[in-house]
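Work through the exercises below with the structure in view. Each task is followed by its solution in steps.

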Amino acid sequence: MKRFLEIGKIVAVQGLKGEVRVEAWCDEREFLCEFDTLYFDKGETPVEITRAHPHKNVVLMKIKGVDTVEQAQNLRNKILYMDREDVELEDGAYFVQDLIGLEVIDNDSGASYGKLCEVSF
């Protein structure tokens with residue numbers, strides 16, 4: 001089981017003070033806003049999130065130490081990761097990445113449809 005899970009991608013710069021626009025890869029954009037620490041480089045590099053809020057179809061985010069348009073532009077297309085240990089899921093809730101590869105079985109007939117290989121939103 002992966003400890004660090006992909007949660008979004010920086011897609012653009014917002015404003016002149018280093019804020020970025022993040023495409024959220026989670027059910028609710030608000031979920032992405034709950035983290036004080038996210039990670040780059042598949043979990044290797046922690047980054048402190050000083051501010052985040054939903055805006056239209058993205059999340060506007062301020063990362064500590066990113067204070068100029070140029071610094072923010074250098075982060076464009078970087079993937080953000082979350083640490084699964086920072087989240088306590090409700091009963092019956094799962095991370096999509098944990099479902100990939102599981103066998104899909106018809107609840108009534110018991111017939112197998114194969115293995116789950118992708119989830120679309």
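**Exercise 1.** State how many helices and strands the chain has, and give their order.

Solution. Step 1: the chain has three helices and eight strands. Helices (H or I, at least four residues) and strands (E, at least two) are DSSP runs, numbered from the N terminus. Step 2: read from the N terminus, the order is β-β-α-β-β-β-α-β-α-β-β.

The model is predicted: local features need pLDDT of at least 70, side-chain atom pairs count only at pLDDT 80 or more, and totals for chains, interfaces and linings use all residues. Residues are numbered from 1 along each chain as its sequence is written, and side-chain values use heavy atoms, with hydrogens and water left out.

**Exercise 2.** Describe the extent of the chain and its buried share.

Solution. Step 1: the C-alpha trace spans about 60 × 25 × 25 Å along its principal axes. Step 2: 29% of the 121 residues count as buried, that is, under 20% relative accessible area (1.4 Å probe, protein chains only).

**Exercise 3.** Find what lines the largest pocket.

Solution. Step 1: a pocket is an open set of points on a 1 Å grid over the protein atoms alone, where a 1.4 Å probe fits, with protein on both sides within 12 Å along at least five of seven lines; lining residues have an atom within 4 Å of a point. Step 2: the largest pocket has a volume of about 640 Å³, the space filled by probe spheres set on the points, which are joined across faces, edges and corners. Step 3: of its 22 lining residues, Cys26, Asp27, Tyr94, Phe95 and Val96 are the closest to the centre. Step 4: strand S1 (4-14) and helix H3 (96-99) each supply at least two lining residues, and S1 gives the most, with three.

Key:
Buried means under 20% relative accessible area, exposed over 50%, partly exposed in between (1.4 Å probe, protein chains only).
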